[in-house]
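Reader: Please put up the sequence and the model. I will then ask about single residues and about the chain as a whole.

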Amino acid sequence: RKIIEHSQTTDKESLDPEWLKSGVVRKLMDMSAGSLQNLRVTGKVRFKKVLGSYYYNKADLRKLFAEE
């Protein structure tokens, strides 16, 4: 039963992930790689680097672009 519950949460997370890969963010926000890097370097959005790929926090991006 625990395995089934865990797989259901994993499926939900894959449909609406909390962390988005940089390519996805660039397409959704229609921004260049340099602009995204600038947000990362200035600390405006949280990020994780996993095996050479950057992942950005979706909530931070929504908050940042809701203010503008």
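Reader: Is Asp 60 buried or exposed in this model?
Author: The model is predicted. A residue counts as buried under 20% relative accessible area. Asp 60 has a relative accessible area of 16%, so Asp 60 is buried.

Reader: Which side chain meets that of Asp 60 in a salt bridge?
Author: Side chains of opposite charge can pair when their charged atoms come close. The structure holds 1 salt bridge. Its N to O distance is 2.8 Å, and the partner of Asp 60 is Arg 46.

Reader: How many residues apart are Arg 46 and Asp 60, and where is each found?
Author: Arg 46 sits in the loop between α3 (33-41) and β2 (47-50). Asp 60 belongs to helix α4 (residues 58-67). The pair thus links distant parts of the chain, and the separation is 14 residues.

Reader: What is the relative accessible area of Arg 46?
Author: Partly exposed residues lie between the buried limit of 20% and the exposed limit of 50%. Arg 46 falls in this partly exposed class, with a value of 46%.

Reader: Which residues of α3 are buried, and why do they line one face of the helix?
Author: An α-helix has 3.6 residues a turn, so residues three or four places apart point the same way. The buried residues of α3 are Leu 36, Leu 39 and Arg 40. Seen down the axis of α3, these buried residues line one face because they fall within an arc of 100 degrees.

Reader: Which residue with a positive phi follows α3?
Author: The phi of this residue is near 80 degrees. The residue that follows α3 is Gly 43.

Reader: How far apart in space are Gly 23 and Ser 53?
Author: Gly 23 is part of helix α2 (residues 22-29). Gly 23 counts as partly exposed, at 32% relative accessibility. In sequence, Gly 23 and Ser 53 are 30 residues apart; in space, C-alpha to C-alpha, the distance is 9.5 Å.

Reader: In what order do the elements of the protein chain run?
Author: The protein chain has 4 helices and 3 strands. From the N terminus on, their order is α-β-α-α-β-β-α.

Reader: What share of the contacts with a separation of 6 or more comes from residues 24 or more positions apart?
Author: The protein chain has 68 residues, and buried residues make up 19% of them. Among contacts with a separation of 6 or more, residues 24 or more positions apart account for 51%.

Definitions and conventions
Residues numbered from 1 in each chain as written. Predicted model: local features only at pLDDT ≥ 70, side-chain atom pairs only at ≥ 80, totals over all residues. Heavy atoms only, no water. Salt bridge = Lys/Arg side-chain N within 4 Å of Asp/Glu carboxyl O. Helix = DSSP H or I, 4+ residues; strand = E, 2+ residues; numbered from the N terminus. Buried < 20%, exposed > 50% of the residue type's maximum accessible area, 1.4 Å probe, protein only. Contact = heavy atoms within 4.5 Å. Arc of directions from axis to C-beta.
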